Amino acid sequence: MSGVAPQAGPGDNQQKLTTERIADGDISCVRFDGTIDEAFDGKKLASSIKARVLILDMGRVAKVSSFGIREWSEFIKGVERSVDQIYLIECTAKVVDQLNMVANFAGKAKVVSFYGPYRCDFCDIDEDVLFQVDRDSAAIRSFNPPEHLCGTCARPQFFDEDPASYMATIAQQSQFDLV
(Lines give C-alpha, C1' and ligand atoms only; values in the text may rest on other atoms or scores of the structure.)
Protein backbone atom coordinates (compact mmCIF):
# COMPACT_ATOMS: atom_id res chain seq x y z
CA MET A 1 0.00 0.00 0.00
CA SER A 2 1.30 3.40 -0.84
CA GLY A 3 -0.14 6.85 -1.00
CA VAL A 4 -1.36 8.83 1.94
CA ALA A 5 -4.03 11.52 1.67
CA PRO A 6 -3.37 14.96 3.07
CA GLN A 7 -5.19 15.35 6.36
CA ALA A 8 -7.82 18.04 6.72
CA GLY A 9 -7.18 20.72 9.28
CA PRO A 10 -9.63 22.63 11.47
CA GLY A 11 -12.24 24.42 9.37
CA ASP A 12 -11.25 22.64 6.14
CA ASN A 13 -14.69 21.06 5.89
CA GLN A 14 -16.16 24.41 4.89
CA GLN A 15 -13.54 25.16 2.24
CA LYS A 16 -15.08 26.67 -0.89
CA LEU A 17 -15.05 24.27 -3.83
CA THR A 18 -12.58 24.88 -6.62
CA THR A 19 -12.14 22.84 -9.76
CA GLU A 20 -9.13 22.49 -12.00
CA ARG A 21 -9.47 21.12 -15.50
CA ILE A 22 -6.80 19.43 -17.58
CA ALA A 23 -7.39 18.10 -21.08
CA ASP A 24 -5.28 16.03 -23.44
CA GLY A 25 -7.02 15.14 -26.68
CA ASP A 26 -10.24 13.32 -25.91
CA ILE A 27 -9.33 12.77 -22.24
CA SER A 28 -10.27 15.36 -19.62
CA CYS A 29 -9.60 15.46 -15.90
CA VAL A 30 -11.44 17.58 -13.36
CA ARG A 31 -9.87 17.92 -9.90
CA PHE A 32 -12.28 18.87 -7.11
CA ASP A 33 -10.92 20.65 -4.02
CA GLY A 34 -13.09 21.65 -1.06
CA THR A 35 -16.77 21.22 -0.19
CA ILE A 36 -19.34 20.17 -2.77
CA ASP A 37 -22.39 22.19 -1.74
CA GLU A 38 -25.21 24.30 -3.20
CA ALA A 39 -22.68 26.71 -4.74
CA PHE A 40 -21.47 23.95 -7.09
CA ASP A 41 -23.25 24.39 -10.44
CA GLY A 42 -23.22 20.80 -11.66
CA LYS A 43 -25.21 21.42 -14.84
CA LYS A 44 -22.95 24.27 -15.91
CA LEU A 45 -19.74 22.31 -15.39
CA ALA A 46 -21.17 19.23 -17.13
CA SER A 47 -22.20 21.24 -20.18
CA SER A 48 -18.67 22.59 -20.57
CA ILE A 49 -16.98 19.16 -20.73
CA LYS A 50 -16.22 17.80 -24.18
CA ALA A 51 -14.33 14.50 -23.93
CA ARG A 52 -14.58 10.80 -24.63
CA VAL A 53 -13.00 9.86 -21.27
CA LEU A 54 -13.49 11.88 -18.09
CA ILE A 55 -11.39 11.43 -14.96
CA LEU A 56 -12.75 12.95 -11.76
CA ASP A 57 -10.04 13.49 -9.15
CA MET A 58 -11.83 13.41 -5.79
CA GLY A 59 -8.70 13.38 -3.60
CA ARG A 60 -9.33 16.77 -2.04
CA VAL A 61 -13.08 16.63 -1.46
CA ALA A 62 -13.50 17.60 2.18
CA LYS A 63 -17.28 17.31 2.41
CA VAL A 64 -20.44 16.76 0.35
CA SER A 65 -23.47 18.61 1.74
CA SER A 66 -27.05 17.48 1.18
CA PHE A 67 -27.53 20.30 -1.34
CA GLY A 68 -24.20 19.32 -2.87
CA ILE A 69 -25.57 15.82 -3.51
CA ARG A 70 -28.33 17.34 -5.64
CA GLU A 71 -25.83 19.41 -7.66
CA TRP A 72 -23.46 16.44 -7.97
CA SER A 73 -26.29 14.28 -9.30
CA GLU A 74 -27.05 16.92 -11.95
CA PHE A 75 -23.37 16.98 -12.87
CA ILE A 76 -23.15 13.18 -13.23
CA LYS A 77 -26.36 13.04 -15.31
CA GLY A 78 -24.99 15.76 -17.57
CA VAL A 79 -21.58 14.24 -18.18
CA GLU A 80 -23.04 10.76 -18.72
CA ARG A 81 -24.80 12.14 -21.80
CA SER A 82 -21.62 13.53 -23.32
CA VAL A 83 -18.75 11.17 -22.40
CA ASP A 84 -18.15 7.46 -22.98
CA GLN A 85 -16.17 6.59 -19.84
CA ILE A 86 -16.03 8.21 -16.39
CA TYR A 87 -13.47 7.27 -13.74
CA LEU A 88 -13.25 8.40 -10.11
CA ILE A 89 -9.77 8.52 -8.62
CA GLU A 90 -8.52 9.09 -5.07
CA CYS A 91 -12.00 9.15 -3.52
CA THR A 92 -11.81 10.51 0.01
CA ALA A 93 -13.73 8.90 2.87
CA LYS A 94 -16.41 11.60 2.44
CA VAL A 95 -16.89 10.54 -1.19
CA VAL A 96 -16.89 6.82 -0.32
CA ASP A 97 -19.60 7.56 2.26
CA GLN A 98 -21.75 9.13 -0.48
CA LEU A 99 -21.09 6.23 -2.84
CA ASN A 100 -22.44 3.91 -0.13
CA MET A 101 -25.42 6.05 0.95
CA VAL A 102 -26.73 7.77 -2.19
CA ALA A 103 -28.19 5.60 -4.93
CA ASN A 104 -26.47 6.23 -8.26
CA PHE A 105 -24.08 8.81 -6.75
CA ALA A 106 -21.41 7.80 -9.28
CA GLY A 107 -23.79 7.03 -12.14
CA LYS A 108 -21.88 4.95 -14.69
CA ALA A 109 -18.51 6.05 -13.29
CA LYS A 110 -16.03 3.43 -12.13
CA VAL A 111 -13.97 3.90 -8.96
CA VAL A 112 -10.28 3.43 -9.77
CA SER A 113 -8.86 4.34 -6.36
CA PHE A 114 -10.03 5.43 -2.92
CA TYR A 115 -8.64 6.19 0.51
CA GLY A 116 -9.25 3.82 3.40
CA PRO A 117 -9.03 5.04 7.02
CA TYR A 118 -6.39 3.44 9.23
CA ARG A 119 -5.58 4.21 12.85
CA CYS A 120 -2.60 3.66 15.11
CA ASP A 121 -3.83 3.56 18.69
CA PHE A 122 -0.28 3.57 20.02
CA CYS A 123 0.57 6.91 18.36
CA ASP A 124 -3.02 8.21 18.27
CA ILE A 125 -2.62 8.87 14.53
CA ASP A 126 -5.22 8.57 11.76
CA GLU A 127 -3.98 7.92 8.24
CA ASP A 128 -5.79 7.60 4.93
CA VAL A 129 -4.19 4.93 2.75
CA LEU A 130 -4.77 4.70 -0.99
CA PHE A 131 -6.41 1.54 -2.35
CA GLN A 132 -6.19 0.84 -6.07
CA VAL A 133 -9.17 -1.20 -7.21
CA ASP A 134 -7.19 -3.28 -9.71
CA ARG A 135 -4.26 -4.00 -7.38
CA ASP A 136 -6.33 -4.47 -4.22
CA SER A 137 -9.42 -6.16 -5.69
CA ALA A 138 -9.06 -9.35 -3.63
CA ALA A 139 -8.87 -7.41 -0.36
CA ILE A 140 -11.77 -5.17 -1.37
CA ARG A 141 -14.04 -8.02 -2.50
CA SER A 142 -13.28 -10.08 0.62
CA PHE A 143 -13.64 -7.02 2.89
CA ASN A 144 -10.23 -7.85 4.32
CA PRO A 145 -8.07 -4.70 4.13
CA PRO A 146 -4.35 -5.43 4.24
CA GLU A 147 -2.22 -4.58 7.22
CA HIS A 148 -0.67 -1.14 7.12
CA LEU A 149 2.24 -0.15 9.32
CA CYS A 150 2.31 3.16 11.15
CA GLY A 151 4.78 5.60 9.62
CA THR A 152 5.74 6.82 13.11
CA CYS A 153 6.14 3.69 15.22
CA ALA A 154 6.09 0.94 12.53
CA ARG A 155 3.42 -0.99 14.44
CA PRO A 156 0.37 -2.34 12.62
CA GLN A 157 -2.51 0.08 12.23
CA PHE A 158 -6.11 -1.11 12.06
CA PHE A 159 -8.73 -0.31 9.44
CA ASP A 160 -10.91 2.26 11.22
CA GLU A 161 -14.29 1.43 9.63
CA ASP A 162 -16.33 -1.70 9.16
CA PRO A 163 -14.73 -3.01 5.94
CA ALA A 164 -17.95 -4.64 4.68
CA SER A 165 -19.85 -1.37 5.03
CA TYR A 166 -17.07 0.91 3.83
CA MET A 167 -16.15 -1.11 0.74
CA ALA A 168 -19.64 -2.41 -0.11
CA THR A 169 -20.39 -0.33 -3.20
CA ILE A 170 -16.87 -0.50 -4.60
CA ALA A 171 -16.73 -4.28 -4.08
CA GLN A 172 -19.91 -4.67 -6.14
CA GLN A 173 -18.70 -2.73 -9.17
CA SER A 174 -17.86 -4.90 -12.13
CA GLN A 175 -14.22 -5.32 -13.08
CA PHE A 176 -13.06 -3.06 -15.89
CA ASP A 177 -10.07 -2.11 -17.98
CA LEU A 178 -9.00 1.49 -18.21
CA VAL A 179 -9.64 2.77 -21.70
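Is Phe131 buried or exposed, and what is its relative accessible area? In this predicted model, Phe131 is buried, its relative accessible area being 0%. The legends below describe close-up views.

**View 1. Phe131 and Phe159 form an edge-to-face aromatic pair.** The ring centres lie 6.1 Å apart, with 85° between the planes. Because Phe131 belongs to strand β7 and Phe159 to strand β9, the pair ties together parts that are 28 residues apart in sequence. Phe159 has a relative accessibility of 12% and therefore counts as buried, the cut-off being under 20%.

**View 2. An open sheet is built from four strands in the order β7-β6-β9-β8.** The pairing is antiparallel. Strands β7 (125–132) and β8 (148–149) form the edges, each pairing on one side only. Two bridges join β8 to β9 (residues 156–159) in the antiparallel sense; His148 has Gln157 of β9 as its bridge partner.

**View 3. Phe114 and Tyr166 form a tilted aromatic pair.** Their ring centres are 6.4 Å apart and their planes meet at 50°, so the pair is classed as tilted. Since Phe114 lies in strand β6 (residues 113–120) and Tyr166 in helix α5 (residues 163–166), the contact ties together parts that are 52 residues apart in sequence. Both Phe114 and Tyr166 are buried.

**View 4. Ring pairs join Phe32, Phe40, Trp72, Phe75 and Phe105 into a cluster.** The structure has 14 aromatic pairs.

**View 5. The charged end of Arg155 sits over the ring of Phe122.** Its distance from the ring centre is 3.5 Å.

**View 6. Helix α3 (residues 93–101) has Val95, Val96, Gln98 and Leu99 as its buried residues.** These residues lie on the same side of α3 because they cover an arc of only 160° around the axis.

Definitions and conventions: Residues are numbered from 1 along each chain as its sequence is written. This is a predicted model: local features need pLDDT of at least 70, side-chain atom pairs count only at pLDDT 80 or more; totals for chains, interfaces and linings use all residues. Side-chain values use heavy atoms; hydrogens and water are left out. Two strands pair if DSSP finds at least two bridges between them. Buried means under 20% relative accessible area, exposed over 50%, partly exposed in between (1.4 Å probe, protein chains only). The arc is that of the directions from the helix axis to the C-beta atoms. Rings of Phe, Tyr and Trp (its six-membered ring) pair if their centres lie within 6.5 Å; planes under 30 degrees apart count as stacked, over 60 as edge-to-face and the rest as tilted. A charge sits over a ring if NZ of Lys or CZ of Arg is within 6 Å of the ring centre and within 35 degrees of the ring normal.
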